[in-house]
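Hi everyone, thanks for coming. Have a quick look at the structure on the screen, and then I'll walk you through a few parts of it.

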Amino acid sequence: MKVVALVSGGKDSCYAMMKCVQYGHEIVALANLMPLDDAVDELDSYMYQTVGHQIIVSYAKCMGIPLFRRRIQGSTRHQKLSYRATPGDEVEDMYELLKVVKKKIPSIEAVSSGAIASDYQRLRVESVCSRLGLVSLAYLWKQDQSMLLQEMIDNGILAITVKVAAMGLNPEKHLGKDISFLYSYLHKLKELYGINVCGEGGEYETLTLDCPLFVHARIVLEEFQVILHSSDSIAPVGILHPLAFHLETKAESGSLDGCDKMNDLHHENMGLVYEVQAENSEGCEDAKESVADVTVLTKAADDGLQILTKKEDLTFSIACWLGASESSGLQDDLKGVLRKIEAELSRHGLDWRNVLYVHLYISDMNEFAIANGTYVKFITQEKCPSGVPSRSTIELPLLHVGLGKAYIEVLVTKSEEKRVLHVQSMSCWAPSCIGPYSQATFHKNVLYMAGQLGLYPPTMTLSKGGAVAELELALENSEAVAKCFNCSLSTSSVLLVVYCSESIPSSERGKIQDKLEAFLKQIRSSSMKEGKLPKVLNHLSLYVLVPDLPKRALVEVKPLLYNVDDAEMTTEGESLTRTGIQSFQHESWHDTCINRCIVNGMICAVVLSVTNETAVRLCSEFLSTNWKSEDIQNLISERQMERIIKFCIYLLDNILAEKSFVWEEIVSLRVYYPVSLHIPLDALSLLFKNAFEEVAEMHQQPIFNIIPVLGAGSSTSMDDLITCELFAQRT
């Protein structure tokens, strides 16, 4: 992509440019925000470094590309972490500056910034990029600061300190010093006082005088003045004010791969500096997404709606789909489904901000762009100020079971107490979520993580090593997200759902399960060495075979984690006695159908598998003696399926009672069944509804979602007749 780089003059913004070039992007312009008054060195700003702004004008000649500058008119007005366009805020100066750059150079697609740890700055850059239709590149984000500082030095960045404001840093001694000279001393201060070695806590600021991207000249600082802002005896604050400098011409050099691309660009504008003047605009002309008309509902959407409200302090689910006879294409189907969900939320006094998670199922992944374009018109960042829901998107064989082209299930909470991680910038940390869907949502100690693909974060391209390599990268990405919530896949996983594309050869599927267990064992071993005790010992794994995944990925991982500040011993209440379904008596082989994870008496997760062999055993009285287990999927009758479903509910009811849970505490219950059964979804749903009515003490039927798939199971054979995934939480 062609990139405009936000430059403050500091080492971080310059190294971020170098990383952009490393990952194949092209820096075509620079953008800088400077004080309104040239005589002012530093502004009271959370966003911008301005010390040394007198020298930034030289960057255009050093790099041979145009520099766009704007004087900062605004101040800090919107102080909340998540930014919303606010007239008079200093962020609007960045918006106006980049808007002009984009107008002057329409080919620009992305913006580079040097954010390392500041969510405040990252979110504001992402907000501006979103409004302008640009991609945010933040390749230093979440990287280890010691490693970064060493990389900057090793890769030829010459940067000096222009501000110090921390214990152990003396303006008279340490201003004007090269970061390579201060490297060891900064690490000593980290050990003594816990400072950030890259200065992310405001401990110091730098000015880059030379780097490999300065292909035409380097900056030589001839004279400067030390200005003391605070003479505090513990942490004095001082800045370096440049008095004289000149450029020293370099011989032509290709010192960094890709720099030659920049030399060929905009020959007529090389080294030119443009000052973007303030205009009398209303500002904040943020493009608003159209609001869907919730009063226009299709009859078909009414027919496909399920809704259940549990106790007031718990969550509830909404699932909605269309019948095939009412389908008129993906876009219209999805609009109808989203409108109905939106109306149901409104009926309960809620809106999209109350949604924790969205499962988006579509019939054809070739139409993903259409689905996404429709989705973003309903669920926007403006509608979700505390964070947009996390999401997984899967292709399902919907048409095979009598459904339309879109099927959505959402998890909703009546409480807005949630933590959302939404990083839109491309970085080296984890895949970006460019749009109104987040990496993860944390609610009531449960981390609902978006589906993770095996994407290489810096380039957002899939691993080329096949399904196993994709899985490993997807797990690494999931672990990076988990660490942001102080947990780990190895110690906090309750359930790991692995969606597998049917494109994976059968011979490769077994390796996926082996890789998953090996990965978790490896990071669990590392956690043990660090003294971390696992909070969840026996996670559950569920494998689901589907027609296709986004980006033609072979695997997608959807982790569910439970995390509390202090690990507790598992405590389970007294088991409950229920009459339940009377058609079955417990037998020892029943336990082979169940995998469960009970955590602290608060979480109950179950994966229940009914294999072909189990089905034959259950239905033996209906079958002739020469039946084989592999025949049952093709010949099963409605009566036999009814018995299998009752068996599933019987086992689930027993587990809940044994662990002192009740059905009203169910957060989700998904039933996966292969389309090879040739049973319409509506028919299977009715069988489940009838079976639930036999469970005594059930005041309300639990919400359950029937998911048509190519196969599913607790192993990568994925050949179950029926697979149930249950998650319950006690609050």
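Let's start with N600, which sits in the loop between β25 (594–599) and β26 (603–610). Before I go on, some housekeeping: this is a predicted model, where local features need pLDDT of at least 70 and side-chain atom pairs count only at pLDDT 80 or more, while totals for chains, interfaces and linings use all residues. Residues are numbered from 1 along each chain as its sequence is written, and side-chain values use heavy atoms, with hydrogens and water left out. The helices (H or I, at least four residues) and strands (E, at least two) are DSSP runs, numbered from the N terminus.

Most residues other than glycine have a negative phi. N600 has a positive one, near 55 degrees, and is not a glycine. Is N600 buried or exposed? It's buried, with a relative accessible area of 8%; buried means under 20% relative accessible area, exposed means over 50%, and partly exposed is in between, using a 1.4 Å probe and protein chains only.

H678 also has a positive phi, about 60 degrees, without being a glycine. You'll find H678 in the loop between β27 (666–674) and α19 (681–692). This residue counts as exposed, at 64% relative accessibility.

Now for the sheets. Six strands make an open sheet with parallel pairing, in the order β5-β4-β1-β2-β3-β10. Two strands pair if DSSP finds at least two bridges between them. At the edges are β5 (135–137) and β10 (273–276), each pairing on one side only. On average, neighbouring strands here are turned by 25 degrees against each other, direction ignored. Inside this sheet, β1 (residues 2–6) and β2 (residues 26–34) run parallel and are joined by five bridges; V4, for one, has A29 in β2 as its bridge partner.

What packs on this sheet? Helix α1 (residues 11–22) does, touching β1, β2, β4 (110–112) and β5, with its direction at about 160 degrees to that of β2. Contact here means heavy atoms within 4.5 Å, and angles run from 0 to 180 degrees between N-to-C directions, with axes being lines fitted to C-alpha atoms, for helices over the stretch in contact. Helix α4 (residues 91–104) lies across β1, β2, β3 (67–71), β4 and β10, at about 150 degrees to β3.

There's also an open sheet of four strands, ordered β7-β6-β9-β8, and its pairing is antiparallel. Its edge strands are β7 (204–210) and β8 (217–230), each of which pairs on one side only.

Buried residues in α15 include R509, I512, L516 and F519. The helix's buried residues pack against α13 (467–483), α14 (489–492), β22 (493–501), β23 (540–546) and β24 (555–562).
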